[in-house]
Every structure is written in C-alpha cells, then in structure tokens.
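Good morning, and thank you for making time for this presentation.

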Amino acid sequence: MIKFLRQKMAFFITGIALVGLLFACQDLQTSESQTQATPTTTPINTSIPVTTTQVPAAYPDRQLSASPAQLPQLPYAYDGLEKAIDAETMKLHHDRHHATYVENLNQALEKHPELRNRSVELMLRDLNAVPEDIRESVRNNGGGHLNHTIFWQIMSPNGGGQPTGVIAEQINQTFGSFDAFKKQFNEAGGDRFGSGWVWLVRSPQGQLQIVNTPNQDNPISDGSYPIMGNDVWEHAYYLRYQNRRADYLNNWWNVVNWSEINRRFQVTSQQQS
Ligand SMILES: [Fe+2]
C-alpha cells in the first residue's frame, strides 16, 4: 500500500514538473518573439531626432555611412589619371589626406555615438543639429570625406573630352557653351583664396551654378547639390604643378568622367522634381 502511494506521489510530482516546464518554455518563446517584434527606434540622445529625410548622396544610389566612416577604394590605379594628376599625388591624396579625414571623423563621433545612425550628408546638411563640441570637426572631416569620395568618382582614366548626355545640354543652356563653362569654372577655382573647392551645383531652385567653397565645406550645407567638383587644395596638385594652380585647373578636364557626372545630375533631377 505504501509502495503504491509512493508511486502515485512520484507520478503527481513529475506531472506538475512537466506542466511547469511547458509553461516556462511558452513564456520564453513569447518573450523572445516580443523582443524580436519590438523595434529599437528610441534614439540614445532624444534631443537629436533620427530623421529619414531624403538628401542627395555622394553615391548615386546611397549615402555615406558614419557607422563607422570608411575610406573607399580608388576606382582606378594611382597612375590612372596621369593625363592630369601624377601617381604620387594620387597615392598621398587618397591614402593619407582622405584617410585622415575619415579617421578624424570617426574619432569625433566617438564622443557622440548617437550620431552614427545619421549619414555624413545628413550631418553636413544640418550642422546646427550636430553637438557644438564636435561641429567643426564634423564640418571639416565629414566634408573632407564626402568631397573626396565624390572627387574620385567624377574622374576616370578614360575621361576628358566634350561633355555628353543631358549635362552637355544643360551646360550649353546655362553657360552658353562648354568653353564658356570651363572658363568660368576655372576662374572660380583660381579665385578661391587658400584651400577649397570649385563646384558645379544644382541650386535649391534647380538651377546650375558655379560656386567655390573654403576648406572642406560642401555645397550640401547650403542646400545645393554638388554635381561635380575640383579640389584646389595644394595637396591636390603641388608635386607636379607647384604654384601653377591655373595649369592644374586646365589639365584637369582631361580626366573628367562625364558619364558619372550625368548620373549625379540625373539623381538630383529626380530628387528635386
Ligand atoms: Fe584633397
């Protein structure tokens, strides 16, 4: 009789344990599925809202990531642009100068990791939303990263010659001729005192304009979209051209990549239409 009662009790306890285990597993599954289903949308610093506003990008199909920023590969060999720029300059320019902008941008963002979910373009477009203690660094190094990323793409070993496609028509309409456009562009590049860039941009009103910017400022900070730009810092040309910036500006047209420039123009046309 006692043996019978012990067996019954053992079955009863085992049954309770199994039922308990079953419920525990269900709780665990529910908890996991709830965790997976709940999006982590809360920004770390709620004073800087995450925005999904579309802005023109460095690449036609995506914006530059800051999580972390990465040095893009050159799309050609160092000596690929010898028609205008020597290999040593290209190596130093890409491997040292551009790499340093990327490194410094990442260092600045370490102080405010909540910004890493923004693209470089978004930060530059609204610099006032960047915390003051790193604003200048983001402006200079984020700008340096964006500017050079565009620069490498809008040059090609097979570049040069007359513009093609839609951009050729737009240049003729706006500036009268390609030669007139080149002259105005080169003058704006020569006029930039010290270091900076000369750009062909699409203004917020949709017009083509030639502008120059100091240091590593990008026209995106003024609401314009950079279609093409030339780097007039001395580091871009000094080894071959020394102080002859005008010669560099003239020769640079031999490597301009019109197909990429057309792609950039078409992207901004679609985004602004
Ligand atoms: Fe540069």
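Two residues are said to be in contact if their C-beta atoms, placed from the backbone, lie within 7 Å. By that criterion, among contacts between residues at least 6 apart in sequence, 70% join residues at least 24 apart.

Before going further, two remarks on conventions. This is a predicted model, in which local features need pLDDT of at least 70 and side-chain atom pairs count only at pLDDT 80 or more, while totals for chains, interfaces and linings use all residues. Residues are numbered from 1 along each chain as its sequence is written.

Let me turn to the overall inventory. The protein has nine helices and three strands. Helices here are DSSP runs of H or I with at least four residues, strands are runs of E with at least two, and both are numbered from the N terminus. Along the sequence, the pattern reads α-α-α-α-α-α-β-β-β-α-α-α. Of the 273 residues, 33% are buried. A residue counts as buried if 20 or more other C-beta atoms lie within 10 Å of its own, as exposed if 12 or fewer do, and as partly exposed in between, with C-beta atoms placed from the backbone.

Strand 1, residues 196–202, and strand 2, residues 208–214, are joined in the antiparallel sense over seven bridges. Within this pair, valine 198 faces asparagine 212, and arginine 202 stands opposite leucine 208. Five residues lie between the two strands of this hairpin, where glycine 206 adopts a positive phi near 90°.

Is strand 1 mostly covered or mostly uncovered? It is mostly covered, since seven of its seven residues are buried. Gly196, Val198, Leu200 and Arg202 are buried on one side, and Trp197, Trp199 and Val201 are buried on the other.

In helix 5, residues 165–175, the buried residues are Ile167, Gln170 and Ile171. They cover an arc of only 100° around the axis, which places them on the same side of helix 5. That arc is taken over the directions from the helix axis to the C-beta atoms. On the face turned away from the buried side, helix 5 carries the exposed residues Glu169 and Gln173. Glycine 176 follows helix 5 and has a positive phi, near 95°.

In helix 8, residues 245–252, Tyr248, Leu249 and Trp252 are buried. Viewed down the helix axis, they fall within an arc of 100°, so they line one face of helix 8. These residues pack against helix 6 (178–191), strand 3 (225–231) and helix 7 (238–241).

Finally, the backbone exceptions. Most residues other than glycine have a negative phi, and most peptide bonds are trans. Where does this model depart from that? The peptide bond from serine 67 to proline 68 is cis, with omega near -15°, and proline 68 lies in the loop between helix 1 (2–37) and helix 2 (87–110). Asparagine 215 has a positive phi, near 55°, and sits in the loop between strand 2 and strand 3. It counts as partly exposed because it has 15 C-beta neighbours inside 10 Å. Glutamine 242, also not a glycine, has a positive phi of about 45° and is found in the loop between helix 7 and helix 8. With 11 C-beta neighbours inside 10 Å, glutamine 242 counts as exposed.

Conventions: Pairing = 2+ DSSP bridges.
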